[in-house]
Amino acid sequence: MMERKPKNIFVEGPITPIKIGNSIENHSKKTGIGGHSIFLGQVRADVKEEGTVKGIEYTCYEEMALEKAFEIREDVFAKYPLTCMHIYHSLGYIKAGEICLFVFTSSKHRKAAIDACEELVERIKKEVPIWGKEIIGEEKAVWKENK
Amino acid sequence: MGKIKVRAFGMIAEKLPSNELELENIANTDQLLGYLYQQYPALKHTKFSIAVNRKQVHGNELILPESEVALLPPFSGG
């Protein structure tokens, strides 16, 4: 088996519905797959004391983030019988309503895909050094906190 | 003693004059924190963790010369 190497998970700007659609289509020849699970994170227009969130500016510690994402990826591949796994996270400014996280798992049967997808999302949010700054107006911003 | 590179991210970067500092005579993370709190008191009110060469550390950890140390506020990806 080929040794897997860290992949770039980062995308500059929002993740477009076209990219997501293409990504699904790319699996049509892998006919051993019986189920996909997809999580899409969307930027929410939270109403805060300072005003309404217009978008989030994402930054990361890229070298560490890619190492961490690779470690999580290997762990989840080892734990579940998956055929495929894809992780994309946005960097830069993402407007409210746009997609900033795309996690896509595929397996022979649904359960592994669903459980792996959920575990990936939780671990990405908790362990990967990415920061979101919620932009409120021309001058105001609040650093995002993960719940 | 060699130099170390300190990189700051997120809200920590906004509390330092630059998001990259080069420091000398720092042997461990406790010494680093002492220096940072003295130079940049605003950091005392900000939660952050430390990574040495891209691995998060807990407790006092040695910092070898030429290391890259990162100051990481709580992650908020997704």
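User: Why is Glu14(B) counted as partly exposed?
Analyst: Glu14(B) has a relative accessibility of 47%. Buried means under 20% relative accessible area, exposed over 50%, and partly exposed in between (1.4 Å probe, protein chains only); the value of 47% therefore places Glu14(B) in the partly exposed class. The model is predicted: local features need pLDDT of at least 70, side-chain atom pairs count only at pLDDT 80 or more, totals for chains, interfaces and linings use all residues, and side-chain values use heavy atoms, with hydrogens and water left out. Residues are numbered from 1 along each chain as its sequence is written, while chains are lettered from A and ligands numbered from 1 in the order in which they are written.

User: What makes the contact of Glu14(B) with Lys133(A) a salt bridge?
Analyst: The closest N and O atoms of Glu14(B) and Lys133(A) are 2.4 Å apart. A salt bridge requires a side-chain nitrogen of Lys or Arg within 4 Å of a carboxyl oxygen of Asp or Glu, so the pair qualifies at 2.4 Å.

User: How do you know that this pair joins two chains?
Analyst: Glu14(B) belongs to helix H1 of chain B and Lys133(A) to strand E8 (residues 130-135) of chain A, so the pair joins two chains. Helices (H or I, at least four residues) and strands (E, at least two) are DSSP runs, numbered from the N terminus.

User: How many salt bridges does the rule find across the interface of chain B and chain A, and how many over all chains?
Analyst: Four cross the interface, and 16 are found in the whole structure. One network of salt bridges links Glu63(A), Lys5(B), Arg7(B), Glu20(B) and Glu68(B).

User: What makes Glu22(B) and Lys3(B) a link between distant parts of the chain?
Analyst: Glu22(B) and Lys3(B) form a salt bridge, with the closest N and O atoms 3.7 Å apart. Glu22(B) is in strand E2 (residues 20-24) and Lys3(B) in strand E1 of chain B, 19 residues apart. Glu22(B) counts as exposed at 57%, whereas Lys3(B) is partly exposed at 40%.

User: What is the area buried between chain B and chain A?
Analyst: The area is about 1700 Å², with carbon and sulfur atoms giving 54% of it. Buried area is the accessible area (1.4 Å probe) that two parts lose on being put together, summed over both. In chain B, Arg54(B), Phe75(B) and Gly78(B) lose the most area to chain A, together 39% of what that side buries. In terms of contact (heavy atoms within 4.5 Å), 18 residues of chain B meet 22 residues of chain A.

User: Why is the pair of Tyr61(A) and Phe9(B) called stacked?
Analyst: The rings are 4.6 Å apart, centre to centre, with 25° between the planes. Rings of Phe, Tyr and Trp (its six-membered ring) pair if their centres lie within 6.5 Å; planes under 30 degrees apart count as stacked, over 60 as edge-to-face and the rest as tilted. Tyr61(A) lies in the loop between strand E5 (55-60) and helix H2 (62-79) of chain A, and Phe9(B) in the loop between strand E1 (3-8) and helix H1 (10-14) of chain B, so the pair joins two chains. Both residues are buried. Tyr61(A), Trp131(A), Phe9(B) and Phe75(B) form one aromatic cluster.

User: How is the pair of Tyr88(A) and Phe102(A) arranged?
Analyst: Tyr88(A) and Phe102(A) are stacked, at 5.9 Å centre to centre and 25° between the planes. Tyr88(A) is in strand E6 (residues 82-95) and Phe102(A) in strand E7 (residues 99-107) of chain A, 14 residues apart. Phe102(A) is buried at 0% relative accessibility.
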